[in-house]
Amino acid sequence: MELDDTDRAILEALQEDARTPFSEIARRIDMSSATVHDRVNRMEDAGVIQGYHAKVDPKALDYGISAVVGLQVEQGQEHDTLEELEEVPGVQEVHLTTGSWDVLMRVFAEDADRLRELMFENIAQMDGFARSQTMVILGTPYETEQLPVDAGDD
């Protein structure tokens with residue numbers, strides 16, 4: 001799907017606050033609410049907009065520790081290991097990567113004991129597990145899920 005400047009303006013507004021009413025977006029870009037609604041539906045149908053989510057503070061759910069985990073998987077076991085990782089409570093993100101690690105994950109745990117349990121009793125026991133490295137996140141001074149909407153423009 002080719003995005004025009006209007007689509008990009010709508011995406012920018014929704015990334016800032018997905019709860020922004022279509023009438024407010026329409027006012028900002030000088031269009032009707034119905035047009036904004038139609039364009040959002042079109043972008044949803046095309047998979048450009050993949051969902052709307054509440055961002056929850058992990059500490060509010062008693063997750064006091066987060067970590068990035070590099071994981072090496074035995075050759076030929078990748079598919080099974082990835083399916084198993086989806087089922088492990090605390091595994092938030094799973095990324096296939098190049099370099100030293102086959103997989104990079106972001107995990108959450110209540111405390112260091114739960115993190116150890118997650119790593120040694122869940123992940124390390126999986127078929128295909130080769131080795132891992134866990135890096136505890138001490139702080140996150142910057143994080144965003146917003147993508148620049150002008151990417152690709154000259």
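**Exercise 1.** How many residues in the lining of the second largest pocket are nonpolar, how many polar and how many charged?

*Solution.* Keep in mind that this is a predicted model. Start with the lining itself: Tyr 63, Val 88, Pro 89, Gly 90, Phe 108, Ala 109, Glu 110, Arg 114, Glu 117, Leu 118 and Asn 122. Now sort these residues by class, and you reach six nonpolar, two polar and three charged. Next, look for the elements behind them: E3 and helix H5 (112–123) each supply at least two residues. H5 has the largest share, with four residues. The volume of this second largest pocket is about 160 Å³.

**Exercise 2.** Find which element gives the most residues to the lining of the largest pocket.

*Solution.* First locate the pocket, which holds about 1600 Å³ of space. Its lining counts 42 residues, and nearest the centre lie His 53, Lys 55, Thr 144, Glu 145 and Gln 146. Then list the elements giving two or more residues: helix H1 (5–16) and strands E1 (65–73), E2 (91–96) and E3 (103–109). Of the elements, H1 gives the most, with five residues. To finish, the classes of the lining are 20 nonpolar, 12 polar and 10 charged.

**Exercise 3.** Work out how helices H2 and H3 are oriented to each other.

*Solution.* Take the axes of H2 (residues 22–29) and H3 (residues 33–45): they come within 8 Å and cross at roughly 105°. Angles of 65 to 115 degrees count as roughly perpendicular, so H2 and H3 are roughly perpendicular to each other. Where they meet, H2 brings Phe 22, Ser 23, Ile 25, Ala 26 and Ile 29, while H3 brings Ser 33, Val 36, His 37 and Val 40. By class, this contact has six nonpolar, three polar and no charged residues.

Terms used:
Residues numbered from 1 in each chain as written. Predicted model: local features only at pLDDT ≥ 70, side-chain atom pairs only at ≥ 80, totals over all residues. Heavy atoms only, no water. Axes fitted to C-alpha atoms, helices over the stretch in contact; angles between N-to-C directions. Parallel < 35°, antiparallel > 145°, perpendicular 65-115°, else oblique. Contact = heavy atoms within 4.5 Å. Nonpolar A, V, L, I, M, F, W, Y, C, P; charged D, E, K, R; others polar. 1 Å grid on protein atoms, 1.4 Å probe; cavity = no way out; pocket = protein on both sides within 12 Å on 5 of 7 lines; lining within 4 Å. Points joined across faces, edges and corners; volume = space filled by probe spheres on them.
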